[in-house]
Amino acid sequence: MFKELSRGSADVDWCEDNYSISPFIAEFYNTISNAFFFVFPPMMWALFKDYAHRINPSINLMWVLMMLVGACSAYFHCTLSLVGQLLDEVSILWAFSLGAGLWFPRRYYPRILKGDRRRFRIFVFILMLCGTMLAFIKPWLNSFLLLAFVVPGFWTAYLELRRVQSHQRVTTLFRTASVLWIVSISCWVADRTLCDFWLFVSFPYLHSFWHVFILLACYYSVVLYAYFDATSEWAEMGPVLRYWPNDSHTKFGVPYVALKSNPYSDENMNKIF
Ligand SMILES: [Zn+2]
């Protein structure tokens, strides 16, 4: 049997006590918190049905990858095996790469690509393959490389926000996404660096909060980028930000990109659930 598959062979061990709740699950709460990855993406699939149908069907691949991330993460925290750790990190890298390939605005491409989205996708695909190989060679580098996506992603979203002469809804979405990223990364870092303190106050569960917040942060970012892309490349479709279940409850609703003359009106969307 490969030792990389064996329990506890991973480079990292999060703050939560191992096997304290179940003899079969290494980190119980860090494992079950991944359940949210199987609840939200199908909902997102339904909300973006019109977008996928009329603009970009590949968005559905993002929802599938999000579920894959949840499955790999659950496997990793259940076993703390090195293979689990690598699968978890590599699936996140794939999801980030897919997001970049689908929505990174053409106006910020390296000049050599001349705004050609096909070439940019090939370029991202090659980088993703290199990143995947690097993940297997130097596993300790992975989490830092993944976090390195955040700064350019944030900066590009900020530039796009200025470009669309921000409608109040877009500004609010950008702010919410930023707060979610800050909260989730803080949970990740605090769990990793201040474990003694969390054990002292009997709350070593911050990594499970990271799972939930990062899922929401990624979803909000997808909505934001899909909206920016649609306003730039598909303006004639009249993309607008809407909220489910009630479009006037923007604070507690789930945002999505709708298209004017939308066959999936709120009424029809409500019937889906
Ligand atoms: Zn995790």
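This is a predicted model: local features need pLDDT of at least 70, side-chain atom pairs count only at pLDDT 80 or more; totals for chains, interfaces and linings use all residues.

Reader: How do α2 and α11 cross?

Author: In general, two packed helices are described by the angle between their axes and the distance between the axes. Here the axes of α2 (residues 36-47) and α11 (residues 206-233) come within 10 Å, crossing at roughly 15°. Angles under 35 degrees count as roughly parallel, so α2 is roughly parallel to α11. The crossing of α2 and α11 is right-handed.

Reader: Which residues in α2 and α11 meet?

Author: From α2 you have F36, F37, F40, M44 and L47, and they meet H211, V212, L215, L216 and Y219 in α11. By class, that contact of α2 with α11 has nine nonpolar residues, one polar and no charged ones.

Reader: What are the protein donors of the zinc ion?

Author: Look for H77, H207 and H211, each through NE2, lying 2.1 to 2.2 Å from the zinc ion. Their spacing in sequence is H-x129-H-x3-H. H77 in helix α4 (residues 59-79) and H211 in helix α11 are 134 residues apart, a pair that links distant parts of the chain. H77 and H211 are both buried.

Reader: And P204, where is its place?

Author: P204 is in the loop between α10 (195-200) and α11. P204 counts as buried because its relative accessibility is 7%. Leaving aside neighbours within four places in sequence, P204 is in contact with C15, E16, D191, W198 and L199.

Definitions and conventions. Residues are numbered from 1 along each chain as its sequence is written. Side-chain values use heavy atoms; hydrogens and water are left out. Axes are lines fitted to C-alpha atoms, for helices over the stretch in contact, and angles run from 0 to 180 degrees between N-to-C directions. Helices (H or I, at least four residues) and strands (E, at least two) are DSSP runs, numbered from the N terminus. Angles under 35 degrees count as roughly parallel, over 145 as roughly antiparallel, 65 to 115 as roughly perpendicular and the rest as oblique. A crossing is left-handed if the near helix is turned anticlockwise from the far one by less than a right angle, and right-handed if clockwise. Contact means heavy atoms within 4.5 Å. Ala, Val, Leu, Ile, Met, Phe, Trp, Tyr, Cys and Pro count as nonpolar, Asp, Glu, Lys and Arg as charged, and the others, Gly among them, as polar. Donors are N, O and S atoms within 2.8 Å of the metal (3.2 Å for Na, K and Ca); water is not among the atoms, so sites may look incomplete. Buried means under 20% relative accessible area, exposed over 50%, partly exposed in between (1.4 Å probe, protein chains only).
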